[in-house]
Amino acid sequence: DEWQMVLYKQVPFSEFVSWLFTQHNDHRIVIQRLIQQSILYFYGYDFRVLTLVNTLMMIVSAYLMLKIFRLYRGSSALVDLAVIASLCAVGSNAVVWSSSFAFPATNLGVITLGYAWTLRLRQGPYRRYALCAFAALVSGPFISGGGLVASTALVLFLGILGFARRDCPQPVGKFGLIVAGFVCLISWHYFVPSGATGFRADRILGFAIGMGGGSLFLSQWPHEYIKDIFVTGVIVVTALVLTNRLFRATPLSVYEVPVTAIFFAISCVTLSVIIGRSAYTAWFPELKNHYGIVTAPLVPIVVLIFNQMKHLRTVTIIILLLTFLSYSSSFASVTRYLEYSRSTNLNALQQIIQSNDLEKTLATNWLDFWYRDDDRSLIPGIAIKARYLQEFGGRWYKRDG
């Protein structure tokens with residue numbers, strides 16, 4: 001997908017805007033295209049930098065979640081290490097594949113709204129908190145299909161909350177909520193499902209269990225399925241606990257509402273993946289590397305809620321152990337992958353630098369530049385972009401001497 005970020009010619013502004021908003025599979029990746037195209041242009045098309053953006057978003061998400069938990073409880077706690085172990089999911093494709101931008105970006109948008117909302121509850125209705133929450137709320141449709149689902153879920157959540165819990169101040173005003181709802185409605189109106197979207201009832205359970213434990217990467221563990229069932233179960237229990245607390249008529253739980261909103265929005269994104277991708281494929285373990293990061297914000301919230309219940313703190317210890325094992329396993333796995341792929345990537349770069357016939361070079365070494373052998377009709381278009389890199393790319397693409 002990174003090839004699509006190479007604009008190999010100057011285009012009119014109207015055509016550039018059209019490219020920004022054109023749907024990519026099931027997503028409108030406006031923010032991703034703006035950020036990644038700008039970075040590539042100003043950094044000489046060094047695609048490695050793009051993965052740093054994804055990693056930075058994961059780190060910021062973890063930082064904001066830690067701040068939310070501290071504001072929620074009034075202090076930090078050792079169990080909050082689960083936030084880092086889960087949200088900084090080094091086993092995710094987002095660490096090594098820049099096109100996975102949408103996943104950490106969606107998580108960051110949802111968590112940012114939760115953080116701004118928590119500050120609003122703690123410190124009062126300052127305008128900057130409302131503006132931050134509004135920006136996070138309307139960003140979703142321009143991040144991805146998952147972002148659109150998250151923003152829609154949050155708009156519905158805030159709308160229902162306005163009637164159910166009048167003791168809880170909203171993060172945005174009524175006008176802002178209406179505008180965000182309007183943006184979501186327009187986005188859904190123009191949404192066109194891709195060929196990868198569909199529904200297969202017989203695959204839902206497998207997808208649900210796989211997604212539930214997907215953020216905890218333990219690919220070498222022989223009992224992976226048991227772990228997935230366990231984590232999915234505690235997520236469901238947490239959802240029931242939070243729903244019960246949300247509709248209790250007590251102001252003491254008001255600071256739990258932003259946490260519940262994050263949990264609800266991310267759960268809706270998870271459900272959209274479970275349902276929407278079930279027709280395309282049955283669940284298989286490697287999908288955790290791609291979709292596991294979607295559920296990463298849920299695990300720390302599970303730890304937060306279970307740790308409050310004295311009779312369930314053993315479960316908290318188990319989940320914490322799983323997060324640390326996952327982080328360690330993922331770190332080792334991604335280190336092996338980077339060591340393995342480095343020579344391949346350097347070889348592909350040298351092929352672009354030295355080639356005098358890029359179409360022939362691509363045809364001969366196609367799988368060094370694309371991930372499927374049956375897409376060879378793309379060779380002429382990618383050859384044009386590779387030629388652009390030769391001529392106008394950064395120092396990485398210049399021949400020695």
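A disulfide is a pair of cysteine sulfur atoms within 2.5 Å, and by this rule the count comes to zero disulfides. The model is predicted, so to speak of local features a pLDDT of at least 70 is needed, side-chain atom pairs count only at pLDDT 80 or more, and totals for chains, interfaces and linings use all residues. Residues are numbered from 1 along each chain as its sequence is written, and side-chain values use heavy atoms, with hydrogens and water left out. Here is a short tour, starting with the cysteines.

**Cysteines**

- Cys88 is in no disulfide, and the nearest cysteine sulfur, that of Cys132, is 19 Å away.
- Cys88 is buried at a relative accessible area of 13% (buried means under 20% relative accessible area, exposed over 50%, and partly exposed in between, with a 1.4 Å probe and protein chains only).
- Cys268 is in no disulfide either; its nearest cysteine sulfur belongs to Cys184, 12 Å away.

**Salt bridges**

- The structure holds 10 salt bridges, each being a side-chain nitrogen of Lys or Arg within 4 Å of a carboxyl oxygen of Asp or Glu.
- Arg277 and Asp26 form one of them, with the closest N and O atoms 2.9 Å apart.
- This pair links distant parts of the chain, 251 residues apart: Arg277 is in the loop between helix 11 and helix 12, and Asp26 is in the loop between helix 1 (13-21) and helix 2 (30-42).
- Helices here (H or I, at least four residues) are DSSP runs, numbered from the N terminus.
- Both partners are buried, Arg277 at 15% relative accessibility and Asp26 at 6%.
- Asp46 forms a salt bridge with Arg48, the closest N and O atoms being 2.9 Å apart; Asp46 is buried at 8%, whereas Arg48 is exposed at 53%.
- Asp202 pairs with Arg200 in a salt bridge whose closest N and O atoms are 2.8 Å apart; Asp202 is exposed at 56% and Arg200 is partly exposed at 33%.
- Lys227, Asp228 and Lys288 are linked in a network of salt bridges.

**Aromatic rings**

- Rings of Phe, Tyr and Trp (its six-membered ring) pair if their centres lie within 6.5 Å; planes under 30 degrees apart count as stacked, over 60 as edge-to-face and the rest as tilted.
- By this rule the count comes to 13 aromatic pairs.
- Tyr126 and Tyr129 make an edge-to-face pair, 5.8 Å centre to centre with 90° between the planes.
- Of these two, Tyr126 is partly exposed at 42% relative accessibility and Tyr129 is buried at 8%.
- Trp366 and Trp370 count as stacked because their ring centres are 6.1 Å apart and their planes are at 15°.
- Trp366 is buried at a relative accessible area of 1%, and Trp370 is buried at 13%.
- Tyr45, Tyr388 and Phe392 form one aromatic cluster.

**Charges over rings**

- A charge sits over a ring if NZ of Lys or CZ of Arg is within 6 Å of the ring centre and within 35 degrees of the ring normal.
- Arg48, the salt-bridge partner of Asp46, lies over the face of Trp396 at 5.2 Å from the ring centre.
- Arg122 lies over the face of Tyr255, 4.1 Å from the ring centre.

**Two buried polar residues**

- Glu256 sits in the loop between helix 10 (224-246) and helix 11 (257-276) and is buried, with a relative accessible area of 6%.
- The side chain of Glu256 makes a polar contact of 2.6 Å with the side chain of Tyr72 and another of 2.6 Å with that of Arg245.
- A polar contact is a pair of N or O atoms within 3.5 Å; within protein, one must be able to donate a hydrogen and the other to accept it, and residues adjacent in sequence count only if both atoms are side-chain atoms.
- Leaving aside neighbours within four places in sequence, Glu256 is in contact with Tyr72, Leu242, Arg245, Ile305 and Gln308 (contact means heavy atoms within 4.5 Å).
- Thr106, in helix 5 (residues 102-123), is buried at 7%.
- The Thr106 side chain reaches the backbone oxygen of Ala102 at 2.8 Å.
- Not counting residues up to four places away in sequence, Thr106 touches Ile143, Ser144, Gly146, Gly147, Ala150 and Val269.

**Packing of helix 9**

- The buried residues of helix 9 (residues 204-212) are Phe207, Ile209, Gly210, Met211 and Gly212.
- These residues pack against helix 10, helix 11 and helix 12 (287-291).
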